[in-house]
Amino acid sequence: MKRMGMIFRAKANKALDRAEDPRETLDYSYQKQLELLQKVRRGVADVATSRKRLELQLNQLQSQSGKLEDQGRKALALGREDLAREALSRRAALQQQVTDLETQHATLQGEEEKLTLAAQRLQAKVDAFRTKKETIKATYTAAQAQTRIGEAFSGISEEMGDVGLAIQRAEDKTAQLQARAGAIDELLASGALDDPSGMHKDDIQAELDRLSGGTDVELELQRMKAELAGGSGSGQQAIEGGPNGQQSQQQPQDTPRFDKQ
C-alpha cells in the first residue's frame with residue numbers, strides 16, 4: 001500500500017508538473033498579494049473611520065463639558081450653589097468619558113499608523129514582485145520559444161517528428177512502388193507475365209525486331225559502300241588518263257581502306 005501510494009503521488013506530481021505553467025502561477029500569486037493588500041487597505045480605512053468617530057464624540061463631549069462649566073458659573077453668579085454643584089458633577093462625569101475616549105483615540109491612531117506603514121511596505125513588495133514576475137514571464141516565454149525553434153530545427157519536436165515520419169513513410173511507399181513497377185517490366189519483358197492489352201511484345205518478337213533493325217542498318221551500309229565505290233571508280237578513270245601512271249596503280253590500294261571506314 002505504501003508503494004502504491006508513493007507511485008500514485010509520483011504520477012500525480014509528474015502530471016501536475018507537466019500541466020503547470022509558471023506564468024499562470026506567478027499571475028495567481030500576484031493576484032493573491034493584491035487581495036491581501038486590498039484587505040490591509042480596508043483595515044486602515046476601518047481604523048481611520050473609528051478614529052474619526054471618536055474624534056466627533058470627543059468634540060461633542062468637550063462641547064458639553066464647556067457648556068456645563070458655563071452653567072455652573074452662571075448658577076454661582078445667581079447664588080444657586082446647588083445648581084452649580086450639579087453642573088460641575090455632570091462635567092466631571094463627562095471629563096471621565098473624554099479621558100477614556102482620548103485613550104481609545106490614541107490607541108486607534110497608533111494602530112492606524114502601524115497599518116498604514118504595513119500597507120506601504122506591502123505595496124512596495126507587491127510592486128517589486130510584479131516587476132520580477134513580468135521579468136520571469138518574459139524570460140520563460142523567450143526560453144520556451146527558443147526551445148521550440150531548436151526542436152523544430154533538430155526535428156525532435158512532436159509536430160516535426162510526425163512530419164518526419166510521414167515523409168519517411170511516403171519515401172518508403174514510393175521506393176516500394178518503383179521496385180514493383182521495375183519488377184513487373186522485367187517480368188513482362190522476359191515473358192513470364194502476359195500483357196492483356198497486347199502493347200507489350202514478347203521476347204521472340206523483340207528479337208525479330210532487333211534483327212530486322214540490324215538488317216536495315218546492314219543494307220543501308222552496303223548501299224553507302226556501293227555509292228562510295230562508284231565515286232571512287234570515276235576518279236580512277238580520270239587518273240589513268242593522266243601523264244603519271246603510278247598514281248593509277250596506287251588508287252586500288254586506297255579503295256579497300258575506304259571500304260573499311
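## Side-chain contacts between and within helices

Lys 32 is partly exposed, at 40% relative accessibility; here partly exposed is the class between buried, under 20% relative accessible area, and exposed, over 50%, with a 1.4 Å probe and protein chains only. The model is predicted, so local features need pLDDT of at least 70 and side-chain atom pairs count only at pLDDT 80 or more, while totals for chains, interfaces and linings use all residues. Residues are numbered from 1 along each chain as its sequence is written, and side-chain values use heavy atoms, with hydrogens and water left out.

**Salt bridges**

Side chains of opposite charge can pair when their charged atoms come close. A salt bridge is counted when a side-chain nitrogen of Lys or Arg lies within 4 Å of a carboxyl oxygen of Asp or Glu. The structure has 15 salt bridges. In one of them, Lys 32 meets Glu 35, at 3.7 Å from N to O. Both residues belong to helix 2 and stand three residues apart, about one turn of the helix. Helices are DSSP runs of H or I with at least four residues, strands are runs of E with at least two, and both are numbered from the N terminus. A network of salt bridges with shared partners joins Asp 27, Lys 133, Glu 134 and Lys 137.

Another bridge pairs Asp 27 with Lys 137, their closest N and O atoms being 3.2 Å apart. This pair links distant parts of the chain, since Asp 27 is in helix 2 and Lys 137 in helix 3, 110 residues apart. Asp 21 and Arg 23 also form a salt bridge, with 3.2 Å between the closest N and O atoms.

**The aromatic pair**

A pair of aromatic rings is described by the distance of the centres and the angle of the planes. Rings of Phe, Tyr and Trp (its six-membered ring) pair if their centres lie within 6.5 Å; planes under 30 degrees apart are stacked, over 60 edge-to-face, and the rest tilted. One aromatic pair is found by this rule. Tyr 30 and Phe 129 have ring centres 6.5 Å apart and planes at 15 degrees, so they are stacked. Tyr 30 is in helix 2 (residues 22-77) and Phe 129 in helix 3 (residues 81-154), so the pair ties together parts 99 residues apart in sequence.

Lys 133 lies over the face of Tyr 30, 5.0 Å from the ring centre. For a charge over a ring, NZ of Lys or CZ of Arg must be within 6 Å of the ring centre and within 35 degrees of the ring normal.

**Accessibility of the partners**

| Residue | Relative accessibility | Class |
|---|---|---|
| Tyr 30 | 16% | buried |
| Phe 129 | 21% | partly exposed |
| Asp 21 | 16% | buried |
| Asp 27 | 30% | partly exposed |
| Lys 137 | 18% | buried |
| Glu 35 | 36% | partly exposed |
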